[in-house]
Amino acid sequence: MPQPPWTHPTGVRAVVDQWQASGAVKRCFTAERSMPPASPEYGDIPASLPASLRDALTKRGVASLYSHQVQAIDAARSGRHVVIATPTASGKSLCFHLPVLAALAEDPTATALFVYPTKALSRDQEHNLRELMREAGVGDSAMVFDGDTPGDARRAVRERCRIVLTNPDMLHAGILPNHARWASLFQGLKYVVLDELHTYRGVFGTHMAHVLGRLRRVAAFHGSRPTFIAATATIGNPREHGAKLIGVTEEQVELVDKSGAPRATREAYVYNPPVVNEDLQIRASTLKQAVNLAADLVRAKVPTIVFGPSRNSVEVMLKYLRAKVGDVAGADAVMAYRGGYLPETRRRIEAGLRAGQILCVVATNALELGIDIGDLSAVVCAGYPGSVAGTWQRFGRAGRRGETSIAVLVCGSDALDQYLAREPKYLFEAGAEEARIDPSNVEILIQHLKCATFEAPFEVSSPGPRPASPEPALGETYLTLDAEATRDALEYLRGHGLVHESGGRYHWAGEAYPASSVSLRNIGWDNFVIIDVATNKSIAELDFRATHTMLHEQAIYQHDAEQYQVERLDYENHKAFVRKVEPDYFTTALTYRTVGVIEPRNDGSLGRARIGFGDVKVIEKVTGYKKIKFFTHENAGYGDVHLPEMQMHTTSFWLTVPEAVLESLPHSRATLIDGLRGLGAALETVSTLFLMCDPRDLGQTLGDGGQDGQGGAAPLAPGRDPHSGRTGQFDPTVFLFDALPGGVGLAERIFERARELCWAAGRLIRSCPCPAGCPACVGPGSESSPRKRVALELLAALGLTAHDVSAGRAGAILAS
């Protein structure tokens with residue numbers, strides 16, 4: 001019987017059928033995959049668990065556990081460190097809740113520490129944990145200790161709580177330096193739980209390895225040796241990463257990676273927006289296409305989450321989506337969730353999602369993590385998140401209750417997204433990326449060695465004459481340093497007046513509180529507060545870096561699909577004063593970036609090019625902003641920005657094209673420089689693929705490899721611009737640098753594989769079907785500026801198109 005014409009089909013299947021019937025949508029799907037359901041594998045609840053805990057599970061209707069839960073519990077109960085690497089919604093929480101609560105039931109002095117990467121996640125988990133504790137008869141003394149904890153509650157947490165839930169920043173700066181006040185926690189510490197292990201990567205992960213090293217040292221000071229239980233989304237090296245982060249050998253870690261949880265059917269789609277400019281191969285807006293798909297889902301009453309690439313894009317998509325579905329869903333049914341919202345706003349949104357009052361949420365990666373957001377049936381990703389692991393983490397946010405779900409990746413016009421649109425098997429078949437940290441990073445190590453010395457003195461051998469025998473030095477070690485290196489590092493601090501030595505013990509002697517000057521996430525300690533001048537109330541806050549691009553004067557700051565103009569930025573006092581407005585445009589910042597070489601570590605020749613690797617200084621400055629019309633995305637004008645520059649010391653790879661090579665090619669200097677920019681873009685793309693890293697971890701710019709008289713590479717800046725046509729030596733250089741302070745080894749790996757990467761960049765450019773250049777290879781080109789052809793000619797002139805280079809991973813990734 002046909003449906004009345006005034007009704008609207010509902011449910012996931014109705015929307016998918018509608019898409020398949022629509023030629024405009026159907027032809028944009030470049031891949032469709034259906035992942036079949038999986039049956040559960042069960043195991044008996046371990047008999048070693050206390051009877052009260054087993055009774056609590058029975059009351060919840062849990063008669064048996066999944067096989068991976070049993071394996072994790074048995075390993076943790078036996079004292080082995082555990083890393084659980086099973087899919088999203090596989091019941092990882094019970095893997096650490098049960099052994100912890102068992103220890104608390106068996107030993108009245110036992111305690112545990114739960115560490116979550118964000119405050120929101122720790123708050124989300126607190127309720128569920130306390131409820132299980134009450135049912136198991138071990139009280140409910142579990143509380144969150146973070147920056148939002150009221151002052152009167154902090155003493156109660158220290159003195160009475162047997163389980164403390166916190167985040168890395170508070171552990172680093174609030175708990176460890178004051179460990180004497182947390183004696184009851186550390187004396188009975190049986191377990192340390194690390195949730196979302198995959199987030200601890202790069203510089204943040206390197207800092208975290210040192211925080212955990214300090215934690216183990218403080219625990220030993222109080223007489224405890226805790227067992228670590230870590231849970232992670234799928235990554236390529238869970239056991240190796242967990243061991244390095246905890247500071248133990250891989251043999252001491254048991255990996256639980258075979259899930260026994262059931263899996264519902266999931267359908268995944270790769271959607272490539274239609275081309276709107278054939279010459280430049282520019283595609284329709286990723287944001288607007290994602291909104292169109294999400295609107296279909298919302299109209300069909302499908303609980304949906306839409307992921308955006310940035311805070312600004314989330315607010316733009318929220319405005320567009322509310323405009324499209326306002327007739328079927330009120331404003332409160334479609335909400336945004338991102339960093340910068342005040343804690344009470346985030347919690348209200350989380351509660352609305354769990355209660356089913358919010359039908360669609362538009363979010364940044366803040367909701368990638370395991371916050372319980374209720375029953376969702378669809379995920380729409382506006383742009384590739386930057387990693388295979390991150391993509392599947394987002395896809396896993398739907399179907400968490402065993403229902404059929406769909407996930408759609410809406411590709412952008414850039415090279416990495418277009419590669420995935422052409423080769424979706426990379427997304428579906430390539431393994432997840434490895435998580436990498438570098439605890440031996442000297443800059444980070446010395447910062448945390450100061451903190452560790454402040455927390456407890458080091459016991460090392462006296463710094464007298466060293467023995468001639470090959471016997472290792474005696475004394476305490478710190479993380480990756482042996483006893484001798486630890487002593488040398490402490491002597492370095494002593495030479496700077498920060499520690500003093502007495503009888504083989506090194507004590508903190510500095511006046512400063514060292515942890516207060518070490519930021520784990522490389523942002524300022526103080527966020528900028530955003531104040532509405534009409535009400536004189538704070539509406540949000542932003543970190544130091546985001547302030548430069550989103551809160552400069554005259555910027556349009558977007559909040560809950562409403563617009564506020566920044567009237568004044570009080571940079572010294574970290575306050576931005578805004579007024580609500582109704583413009584027809586939003587703003588986006590224009591940044592200028594230069595790289596200068598501080599100290600080369602390695603160099604050499606590659607064909608006729610010069611390559612190098614070393615320490616650099618990256619200077620980034622917001623110079624202006626652009627006004628973009630809502631809905632049409634037309635350019636509506638520009639404005640200037642006057643803010644201090646931001647500096648970062650990191651490591652970089654560089655490739656310099658000698659002047660002689662440029663002179664050998666029949667193009668103007670401006671055309672050659674444009675071609676080199678295109679080559680740099682291609683190198684950045686293939687480096688991201690080869691190293692399996694997040695694109696945000698790499699930065700790329702063009703500069704001058706010639707010396708500036710101060711031992712650094714001079715950037716392409718006014719006065720040195722090759723477009724000016726001046727004569728004299730100018731050596732244009734492509735820089736590929738670690739976009740994280742101190743670096744995590746990516747630039748060095750690019751240096752080691754430079755020949756292979758240059759070959760792969762040429763292969764990527766040649767295989768692209770565009771005539772002159774497009775976002776999928778070298779960036780937009782034209783007949784008058786044939787960026788693609790010039791980039792290939794530069795590679796040939798440098799002698800970097802030889803086909804005897806072993807393809808290695810290149811063949812697997814770039815073969816078409």
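Me: Helices (H or I, at least four residues) and strands (E, at least two) are DSSP runs, numbered from the N terminus. In which loop does Asp560 lie?

Reply: This is a predicted model: local features need pLDDT of at least 70, side-chain atom pairs count only at pLDDT 80 or more, and totals for chains, interfaces and linings use all residues. Strand β25 covers residues 562-570. Asp560 sits in the loop between β24 and β25.

Me: Is Asp560 buried, exposed or partly exposed?

Reply: Buried means under 20% relative accessible area, exposed over 50%, and partly exposed in between (1.4 Å probe, protein chains only). Asp560 is not a glycine, yet its phi is positive, about 55°. Its relative accessible area is 25%, so Asp560 counts as partly exposed.

Me: What is the phi of Gln554?

Reply: Look in the loop between α20 (544-550) and β24 (556-559), where Gln554 has its place. At a relative accessible area of 36%, Gln554 is partly exposed. Gln554 is not a glycine, yet its phi is positive, at about 80°.

Me: How many aromatic pairs does the structure hold?

Reply: Rings of Phe, Tyr and Trp (its six-membered ring) pair if their centres lie within 6.5 Å; planes under 30 degrees apart are stacked, over 60 edge-to-face and the rest tilted. In this structure, the number of aromatic pairs is 22.

Me: Are the rings of Phe29 and Tyr269 stacked, edge-to-face or tilted?

Reply: The two ring centres, of Phe29 and Tyr269, are 5.0 Å apart. Their planes meet at 40°, so the pair is tilted.

Me: How many residues apart in sequence are the parts that Phe29 and Tyr269 tie together?

Reply: Phe29 belongs to strand β1 (residues 29-35). Tyr269 belongs to strand β11 (residues 266-271). The pair therefore ties together parts whose separation in sequence is 240 residues.

Me: What is the angle between the planes of Tyr320 and Phe630?

Reply: Tyr320 and Phe630 form an aromatic pair, with 6.4 Å from centre to centre. Both residues are buried. The pair is edge-to-face, and the angle between its planes is 80°.

Me: How far apart in sequence are the parts tied together by Tyr320 and Phe630?

Reply: Tyr320 lies in helix α13 (residues 311-325). Phe630 lies in the loop between β28 (609-629) and β29 (635-640). So the pair links parts with a sequence separation of 310 residues.

Me: Which residues form one aromatic cluster with Trp19?

Reply: The cluster takes in the tilted pair of Phe29 and Tyr269. Along with Trp19, its members are Phe29, Tyr269 and Tyr271.

Me: How far apart are the end C-alpha atoms of helix α22?

Reply: The expected span of a helix is 1.5 Å times one less than its number of residues. Helix α22 (residues 669-691) has 23 residues, so it should span 33 Å. The value in the model agrees: its end C-alpha atoms are separated by 32 Å.

Me: Which residue follows α22?

Reply: Helix α22 is mostly covered, with 18 of its 23 residues buried. The residue after α22 has a positive phi, near 50°. This residue is Met692.

Me: At what angle do helices α24 and α25 pack?

Reply: Axes are lines fitted to C-alpha atoms, for helices over the stretch in contact, and angles run from 0 to 180 degrees between N-to-C directions. Helix α24 spans residues 754-767, and helix α25 spans residues 787-797. Their axes are 10 Å apart, and the packing angle is about 150°.

Me: Is α24 roughly parallel or roughly antiparallel to α25?

Reply: Angles under 35 degrees count as roughly parallel, over 145 as roughly antiparallel, 65 to 115 as roughly perpendicular and the rest as oblique. The angle of α24 and α25 is about 150°. That makes the two helices roughly antiparallel.

Me: Are α12 and α13 roughly perpendicular or oblique to each other?

Reply: Helix α12 covers residues 286-299, and its axis is 9 Å from that of α13. The two pack at about 45°. Therefore α12 and α13 are oblique.

Me: How far apart are the C-alpha atoms of Leu746 and Ser652?

Reply: Leu746 is in helix α23 (residues 746-752). Leu746 is buried, at a relative accessible area of 4%. Leu746 and Ser652 are 94 residues apart along the chain, and their C-alpha atoms are separated by 8.3 Å.

Definitions and conventions
Residues numbered from 1 in each chain as written. Heavy atoms only, no water.
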